[in-house]
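The points go from the sheets to the helices and then to the ligand.

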Amino acid sequence: MVIFIWGAGIYYHMERAPVNALEIYGVGKQWMWKFQHPGGQREINTLHVPMGRPVKVTMISQDVIHSFFVPAFRVKQDVLPNRYVFTWFTATVPGTYHLFCSQYCGTKHSGMVGSVIVMTPEDYAEWLASGKAEGSLASLGEKAFQQYGCTTCHRPDSGARGPNLEGLYGRPVRLTDNRVVLADDNYIRESILEPNAKVVSGFQSIMPTFRGVVSEDEIIAITEYIKHLAPQESNPLNNRSTPTQIRDSEVPNIQKQNQQQQQPTPQGTKPANPSGKKP
Ligand code: HEC
Ligand SMILES: [Cu+2]
C-alpha cells in the first residue's frame, strides 16, 4: 500500500470559496497561463500567493480546454473557453510548487508548465509592492471601459442609451423575455461578447458585440471595474425599468442556476492534512 503525504500544503475544495479569499484571475491560452491580481500585477506561468490565506482563482480559456493542476495542493480544474470556473486553496508552507496543464491542449502543451510560489505574508506584501502595477485591476478596467467607448452609452444619467451599471454586480436583472438572471462574471462577459443573448428589459438591443475586440484579460479588468461601481443612493432606481418588479421568489432560482454553472471538479472535500504540518 502506498500512502501519500501532502506535507507541502493543504487544500480544501468545496463549492464556494470563503468570503475572505484573495481573488486572482487566470487566462489559459496556448501555451501559457496569464494571471492578474486585484492590485493590477500580472504574471505569466508563475503565480505568487500568500500562505495561510484562501486563494480563489477564477479562470477562463482563450482557446481550447486547459486544466489548472497543482498536484501538491491536489487542485485540478478544467478551464473552459466561454465560461468562468474557479478553484481555491489555502497553502500553508512557503515554497515553489509545480503548476501543470493536465489537458492535452496542443503541440507545445508540455511547455504549459509553471509554478505557484507560496510566500509569507510579509514577503508577499513586498512582492506586490515591487510588482510595477500600472494601477489596480479595477482602474485598468476603467481605462478599457473608456477606451472602448462603453461610456458613450453607459453613463450614470437617465438619458443614457444603455443601462446604468452602478450597483449592477451581484444583482438580479430582468430581461426583455421576462427572465431574471443574476449579474455575475459570466453574465457581464456575455453582455460584452454577445449583447443580444440577454437583452435588459426596457432597452433596445443596440449594443455592438466586442468579440474579437476586447481580450479576455480586458473583460476581467472591466468586470472588476463594474464590481467597484457602487450603487448611487441619489438615484436608486437608475435608468432601468423598475427593479422592484423582481419578486423575491425569483431570486433563489437564479442563485441555484448560478451554482450549477460553477461546477468544481468533484474531489475529496476534506483536507488531506488540515494542520499543514509534516507528520
Ligand atoms: C451603442 C451603445 C452601447 C455601447 C457602445 C456599449 N453598450 Fe453595453 N449595453 C447597451 C445597451 C442598450 C444595453 C442593454 C440592452 C442589452 O442588454 O443588450 C447594454 C447592456 C450592457 C450590459 C448588461 C447591463 C445590465 O444592466 O444588465 C453590460 C454589462 C454592458 N452593456 C457592458 C458594456 C461594455 C463593457 C461596453 C464597452 C466594451 C459596452 N457595454 C458598450 C449599449 C451599449
Ligand atoms: Cu494547456
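In what order do the strands of the open sheet stand, and what is the pairing?

1. Basis. The model is predicted, so local features are given only at pLDDT of at least 70 and side-chain atom pairs only at pLDDT 80 or more, while totals for chains, interfaces and linings use all residues. Residues are numbered from 1 along each chain as its sequence is written, and chains are lettered from A and ligands numbered from 1 in the order in which they are written.

2. The open sheet. The order is S4-S10-S9-S6-S7, 5 strands with mixed pairing. Strands here are DSSP runs of E of at least two residues, helices are runs of H or I of at least four, and both are numbered from the N terminus. Two strands count as paired if DSSP finds at least two bridges between them. S4 (46-50) and S7 (75-79) are the edge strands; each has a single partner, so one side of each lacks a neighbour in the sheet. On average, neighbouring strands are turned by 20° against each other, direction ignored.

3. S4, S10 and H1. S4 and S10 (residues 114-119) run parallel and are joined by 5 bridges. Leu-47 has Val-116 of S10 as its bridge partner. Helix H1 (residues 121-129) packs on this sheet and touches S4 and S10, and its direction makes about 130° with that of S4. Angles run from 0 to 180 degrees between N-to-C directions, with axes fitted as lines to C-alpha atoms, for helices over the stretch in contact.

4. Strand S5. Is S5 (residues 55-61) largely enclosed or left open? It is largely enclosed by the rest of the structure, because 5 of its 7 residues are buried. Buried means 20 or more other C-beta atoms within 10 Å of the residue's own, exposed means 12 or fewer, and partly exposed is in between; C-beta atoms are placed from the backbone. S1 (residues 22-29) runs parallel to S5, with 7 bridges, and Gly-28 stands opposite Ser-61. S8 (residues 85-89) runs antiparallel to S5, with 5 bridges; Met-59 has Val-85 as its partner there.

5. Glu-43. This residue lies in strand S3 (residues 42-44). Glu-43 is classed as partly exposed because 18 other C-beta atoms lie within 10 Å. Beyond its neighbours within four places in sequence, Glu-43 is in contact (C-beta atoms, placed from the backbone, within 7 Å) with Phe-35 and His-48.

6. Helices H3 and H4. The axes of H3 (residues 185-193) and H4 (residues 216-227) come within 10 Å and cross at roughly 120°. Asp-185, Ile-188, Arg-189 and Ile-192 of H3 meet Ile-219, Thr-223 and Ile-226 of H4. That contact has 4 nonpolar, 1 polar and 2 charged residues. Nonpolar covers Ala, Val, Leu, Ile, Met, Phe, Trp, Tyr, Cys and Pro; charged covers Asp, Glu, Lys and Arg; the others, Gly among them, are polar. The buried residues of H3 include Tyr-187 and Ser-191, and the buried set packs against S5, S12 (180-182) and H4.

7. Ligand 1. Which residues are closest to ligand 1? They are Cys-150, Cys-153, Gly-162, Ser-191 and Met-207, from a shell of 28 residues. By class, the shell has 20 nonpolar, 7 polar and 1 charged residues. H3 gives the most to it, with 3 residues.

Methods:
A residue is near a molecule or strand if its C-beta atom, placed from the backbone, lies within 6 Å of it. Two residues are in contact if their C-beta atoms, placed from the backbone, lie within 7 Å.
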